[in-house]
Amino acid sequence: MDAGAEIDVVQPVENDSAAETGPTQDHGGRSEPSSLNQGEILRTLATVEKDSQAIAESFSSLFVSLRSTLSEATGSSVDHMTCFGDAAGRLQENALDAATKGNRYINSCLRLNEEIKGVENLAARLKHLRKNVDVLDTAVNKLLRPP
């Protein structure tokens, strides 16, 4: 029922044995007037209905709050997943860039190594040539300067 709903009181019908105005016997052997019992029942039902309405409003408020909190958590999760996706994409780009630069560095080192090997061969030849020049210089010196 709505919070502002009114309770209709049903008037006892003539010849209705449950709605007699005279005293009735309950199972305990006591006699109470039926109209008093019906009034208490209606008041109790009204109280129960008000309490039920308050509980329903409380549940409704709770569900609205839960829906709002769940919506915020879902939105936050979507934001976090977007941020994670962006960070993962940037990390992938940087890793590829680092790998490319690393490969260039390795290739440069290999080329330098090959060039140094060529220089080592050249150095060995120059060393051999120097020995020959020294031998020639000694021979020329011996010829030009008699003993």
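# A helix and its side-chain contacts

Asp97 and Lys101 sit four residues apart in helix H1, so about one helical turn separates them. Helices here are DSSP runs of H or I, at least four residues, and strands are E runs of at least two, numbered from the N terminus. The model is predicted: local features need pLDDT of at least 70 and side-chain atom pairs 80 or more, while totals for chains, interfaces and linings use all residues. Residues are numbered from 1 along each chain as its sequence is written, and side-chain values use heavy atoms, without hydrogens or water.

**Overall layout**

- Helix H1 spans residues 34-144.
- The chain has 147 residues, and 2% of them count as buried (under 20% relative accessible area; exposed is over 50%, partly exposed in between; 1.4 Å probe, protein chains only).
- The accessible surface of the chain is about 13200 Å² (Shrake-Rupley method, 1.4 Å probe; for residues, only the protein chains shown count as cover).
- Carbon and sulfur atoms account for 59% of that surface.

**Salt bridges**

- Side chains of opposite charge can pair when their charged atoms come close.
- The structure contains two salt bridges (a side-chain nitrogen of Lys or Arg within 4 Å of a carboxyl oxygen of Asp or Glu).
- One of them links Asp97 to Lys101, with the closest N and O atoms 3.4 Å apart.
- Asp97 is partly exposed, at 38% relative accessible area.
- Lys101 is also partly exposed, at 48%.
- Another salt bridge joins Lys117 and Glu114, at 3.8 Å from N to O.
- Lys117 and Glu114 are three residues apart in helix H1, or about one turn of the helix.
- Lys117 is partly exposed, with 42% relative accessibility.

**The aromatic pair**

- The structure has one aromatic pair (ring centres of Phe, Tyr or Trp, the last by its six-membered ring, within 6.5 Å; planes under 30 degrees apart are stacked, over 60 edge-to-face, the rest tilted).
- The ring centres of Phe59 and Phe63 lie 6.2 Å apart with planes at 20°, so this pair is stacked.
- Phe59 and Phe63 are four residues apart in helix H1, so about one helical turn lies between them.
- Phe59 is partly exposed, with 45% relative accessible area.
- Phe63 is partly exposed as well, at 47%.

**The nonpolar patch**

- Five residues form a nonpolar surface patch: Ile55, Phe59, Leu62, Phe63 and Leu66 (each with over 30% relative accessible area and no salt bridge; nonpolar side chains, Val, Leu, Ile, Met, Phe, Trp or Tyr, are joined within 5 Å, like charges within 9 Å).
- Together, the patch residues have about 490 Å² of accessible area.
- Leu66 lies in helix H1.
- Leu66 is partly exposed, at 46% relative accessibility.

**The UniProt annotation**

- An unreviewed UniProt entry labels residues 109-139 "coiled-coil region" (positions follow the numbering used here, feature names are shortened, and annotations may be inferred rather than shown by experiment).
- In the model, residues 109-139 are 100% helix and 0% strand.
- The end C-alpha atoms of this stretch are 44 Å apart.
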